[in-house]
Amino acid sequence: MVDPHDSYLSAFGLTDEQFETNIKEYLNIPYRKGGASKKGMDCSGFVRTVYNRFFDIELPYNAHAQFRLSDLKIIDPHEMQPGDLLFFANNKKKRISHVGVYVSGGQFIHAS
């Protein structure tokens, strides 16, 4: 059973600090549309890679499909925890077009 004071990362054997340290190894990877490796990745490839590596969860290949997953729920921004996904929509089309992973302190990591 997970202590309610702990982040849900503890269920995966990670502290918030370990997660943040490990996810930062993906900083400065070149952007590559459709990419999902350290040679280059796009935003959904980055999220897909992180979720597979840290949580053993297979996500779809694009941000819109990731957003539509039935297992996800919308939360208040003040309740965000490390590992939560942040989705962004194009203002004109209002379609999800970008995704990143929340780290802490109002910061997130994404491929841009």
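1. Ground rules. Since this is a prediction, local features need pLDDT of at least 70 and side-chain atom pairs count only at pLDDT 80 or more, while totals for chains, interfaces and linings use all residues. Residues are numbered from 1 along each chain as its sequence is written, and side-chain values use heavy atoms, with hydrogens and water left out.

2. The largest pocket. Its volume comes out at about 760 Å³. For the record, a pocket here is an open set of points on a 1 Å grid over the protein atoms alone, where a 1.4 Å probe fits, with protein on both sides within 12 Å along at least five of seven lines. Grid points are joined across faces, edges and corners, and the volume is the space filled by probe spheres set on the points.

3. What lines the pocket. There are 22 lining residues, with Leu 72, Lys 73, Ile 75, Asp 84 and Leu 85 nearest the centre; a lining residue has an atom within 4 Å of a point. By type, the lining splits into 16 nonpolar, two polar and four charged residues (nonpolar: Ala, Val, Leu, Ile, Met, Phe, Trp, Tyr, Cys and Pro; charged: Asp, Glu, Lys and Arg; polar: the others, Gly among them). Both α2 (43-55) and β3 (85-89) supply at least two residues of the lining, and β3 gives the largest share, three residues. Helices (H or I, at least four residues) and strands (E, at least two) are DSSP runs, numbered from the N terminus.

4. Salt bridges around Glu 25. The structure holds four salt bridges (a side-chain nitrogen of Lys or Arg within 4 Å of a carboxyl oxygen of Asp or Glu). Glu 25 and Arg 53 meet in one of them, at 2.9 Å from N to O. Glu 25 sits in the loop between α1 and β1 (36-37) and Arg 53 in helix α2, so this pair ties together parts that are 28 residues apart in sequence. Glu 25, Lys 38 and Arg 53 are linked in a network of salt bridges. On accessibility, Glu 25 is partly exposed at 35% and Arg 53 is partly exposed at 40% (buried is under 20% relative accessible area, exposed over 50%, partly exposed in between; 1.4 Å probe, protein chains only).

5. Two other pairs. Glu 58 bridges to Arg 48, with the closest N and O atoms 3.2 Å apart. That links distant parts of the chain, as Glu 58 is in the loop between α2 and α3 and Arg 48 in helix α2, 10 residues apart. Glu 58 is exposed at 53%, whereas Arg 48 is buried at 15%. Then there is Glu 20 with Lys 24, where the closest N and O atoms are 3.3 Å apart; Lys 24 is partly exposed at 40%.

6. Two residues have a positive phi although neither is a glycine: Asn 28 at about 70 degrees and Asp 56 at about 55 degrees. Asn 28 is in the loop between α1 and β1 and is exposed, at 80% relative accessible area. Asp 56 is in the loop between α2 and α3 and counts as exposed, at 66%.

7. Phe 19. This residue belongs to helix α1 (residues 16-23) and is buried, with a relative accessible area of 0%.
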